[in-house]
Amino acid sequence: MKQLCAKLLVIAALGMLLATAGCITSQSDLVVTDVISANIVEHETTGSFSTFTVVDDFKIQLEKALEKAGKKSADVKSIHMIGATFQTLSISPKDARATADITIARQDVSDGPADFVSFNDTLLKSLQGRPTDAVMNADGVALVDRALADLLEGGDPTLVLTVNNETITPTPTPEAPLDFTVRVSVKFQAVVAGGN
Amino acid sequence: MATAAPSLAQNPLQAYTGRNASGYMAPLVDAFRSNLNAGLFNTARVEPSGFHVSLELVGMATFFDEASRSFMAKTDQGVEDKWVRVPTIIGPPEAVFTEGYASTVYAFPGGFDVNDWYLSAPQLRIGNWKGTEAMARAIFYNTGNDDIGSLGVWGGGLRHSVSQYFPGIAPFDIAVAGMWQHARLHTKQDLDIVNSNLYTLALHTGMAMGPLYPYAGVAVGWYRFGVHYELEGYDPVDLRLSADHDFQLTLGASYRVGFVAAYGEYNFADQNTLAAGLSVNYPFSSRSVTQ
């Protein structure tokens with residue numbers, strides 16, 4: 001299937017503007033919304049642990065997202081995070097509840113860690129299905145926005161998500177471990193210059 | 001252990017197709033509907049019998065007012081609910097930003113700075129059978145872009161003389177009309193990007209004053225406007241807009257010389273539309289001017 005540039009889709013979606021294309025006198029700022037995701041896969045045998053996830057394909061994911069909208073990073077005028085979501089892809093045992101903080105930091109430069117999101121006695125199974133909006137922290141959002149800005153400057157930021165787990169119920173043991181896969185997604189908006 | 005995850009299958013143009021889609025698109029959808037409802041008649045007279053045919057070319061223009069250039073939009077998921085005045089599709093091109101929860105920033109897309117919008121169509125009118133005539137119009141336009149495809153607008157309707165049953169109301173003419181018009185953008189991939197249907201009921205009236213024929217009409221419309229597009233790797237864009245019971249008032253006049261009549265009208269609706277046209281009539285003797 002051919003890719004359709006964002007502007008053309010918007011125009012098409014709005015009816016018949018192309019039939020009278022002379023009416024269009026300026027290029028609109030287009031807003032492309034997408035996500036950058038990482039899966040956290042864990043096998044834990046204790047109730048309190050700290051683990052980390054490195055997201056080293058931040059730039060690649062962003063460029064792919066822009067490409068799908070017919071754009072490239074050079075077209076981007078500004079980019080910013082608008083939210084984060086969690087989605088449990090698998091969980092055992094099904095009744096596992098977690099209280100945890102997730103921090104975010106840069107691995108390529110000295111920035112962070114900063115508080116990012118928190119879980120408070122959350123039933124992990126309840127995060128299955130559609131992605132659930134996370135309760136975010138402004139410090140973590142600011143760090144992600146700085147990483148996104150560096151991307152536009154040609155950088156290749158690497159992010160580290162650290163899960164600081166406080167309690168898990170029921171408490172995992174070697175005989176009854178906790179196994180889960182959770183997808184963390186950073187939702188962003190890129191404002192790109194109009195045109196084809 | 002961490003693994004890279006593919007992007008979620010969501011629509012990258014969510015800012016255009018989410019909760020604010022109808023407000024963003026409203027001026028253009030209203031203009032298109034108003035255009036389609038314009039220029040449909042230039043007299044209210046339908047003879048009880050006798051052959052009549054006219055070939056007409058009508059042009060419609062909508063000039064957007066300042067109020068149409070922005071609307072109140074609501075921030076989408078991930079940013080706490082906040083109402084912000086932002087551009088519509090015809091509004092200023094600059095994106096508008098607002099700050100949300102935890103210092104997140106939400107952007108609303110800019111418009112395309114459209115001041116006016118035109119449509120033209122040939123149409124054919126044939127009558128008369130028991131005071132009834134038929135009318136059809138069609139537009140076909142190849143955009144030259146494979147992704148957008150070709151524009152097609154066509155439709156037809158019937159108009160029936162009411163005044164033939166009430167000779168006492170002469171010299172006023174009254175007619176009722178029903179019209180269906182379909183518009184679509186059809187791609188080479190056999191996909192209808194845009195698919196819209198407009199159903200209109202109208203009451204027309206007018207009176208011959210020599211070669212001049214002032215006329216007026218009131219129309220009510222039911223409009224269905226659908227957008228469907230498929231982007232590889234994403235959920236399809238599937239948007240449905242509807243506008244029911246929208247009224248349109250038409251005031252105009254036609255002037256006929258021999259077999260040619262020129263007419264102009266102004267349509268009051270959600271988006272006001274100016275229309276003008278020419279009609280070539282057979283038989284050459286005038287209906288309206290000879291009454």
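## Salt bridges in the model

A salt bridge is a side-chain nitrogen of Lys or Arg within 4 Å of a carboxyl oxygen of Asp or Glu. In this structure, which is a predicted model, the residues B:Asp30, B:Arg33, B:Asp246 and B:Asp270 are linked in a network of such bridges. Over all chains, the structure holds 14 salt bridges. Side chains of opposite charge can pair when their charged atoms come close.

## Two pairs in chain B

One of the pairs in chain B joins B:Asp173 to B:Arg45, with the closest N and O atoms 3.0 Å apart. Because B:Asp173 lies in strand S10 (residues 172–186) of chain B, while B:Arg45 lies in the loop between helix H2 (21–36) and S2 of chain B, this pair ties together parts that are 128 residues apart in sequence. Both B:Asp173 and B:Arg45 are buried.

A salt bridge also forms between the side chains of B:Glu133 and B:Arg159, at 3.0 Å from N to O. Here the link runs from strand S8 (residues 132–142) of chain B, which holds B:Glu133, to strand S9 (residues 150–161) of chain B, which holds B:Arg159, and the two residues are 26 apart. B:Glu133 is buried, because its relative accessible area is 2% and the limit for a buried residue is under 20%. B:Arg159, at 5% relative accessibility, counts as buried for the reason that this value, too, falls under 20%.

## Chain A: its elements and one of its pairs

Chain A contains three helices and eight strands, and from the N terminus on these elements follow the order α-β-β-α-β-β-β-β-α-β-β. Of the 196 residues in chain A, 57% are buried. Among contacts in chain A between residues at least 6 apart in sequence, 83% join residues that are at least 24 apart. The chain exposes about 7,700 Å², and carbon and sulfur atoms supply 51% of that area.

In chain A, A:Arg97 forms a salt bridge with A:Asp121, where the closest N and O atoms are 3.3 Å apart. A:Arg97 belongs to strand S4 (residues 97–106) of chain A and A:Asp121 to strand S5 (residues 111–123) of chain A, so the pair ties together parts that are 24 residues apart in sequence. A:Arg97 has a relative accessibility of 31% and therefore counts as partly exposed, and A:Asp121, at 41%, is likewise partly exposed.

## Confidence in the prediction

The predictor gives the complex an ipTM of 0.71 and a pTM of 0.75. Chain B averages a pLDDT of 84, and 85% of its residues score at least 70. Among the elements of chain B, S14(B) has the highest mean pLDDT, 95, whereas strand S1 (residues 2–5) of chain B has the lowest, 37.

Over residues 1–10 of chain B the pLDDT is below 50, and this stretch has 38 contacts in the model beyond near neighbours in sequence. Residues 286–291 of chain B also stay under 50, with 16 contacts beyond four places in sequence. Where pLDDT is low, the predicted coordinates should not be read in detail.

Terms used: Residues numbered from 1 in each chain as written. Chains lettered and ligands numbered in written order. Predicted model: local features only at pLDDT ≥ 70, side-chain atom pairs only at ≥ 80, totals over all residues. Heavy atoms only, no water. pLDDT = per-residue confidence, 0-100. Helix = DSSP H or I, 4+ residues; strand = E, 2+ residues; numbered from the N terminus. Contact = heavy atoms within 4.5 Å. Buried < 20%, exposed > 50% of the residue type's maximum accessible area, 1.4 Å probe, protein only. Areas by Shrake-Rupley, 256 points an atom, 1.4 Å probe, with all protein chains shown as cover.
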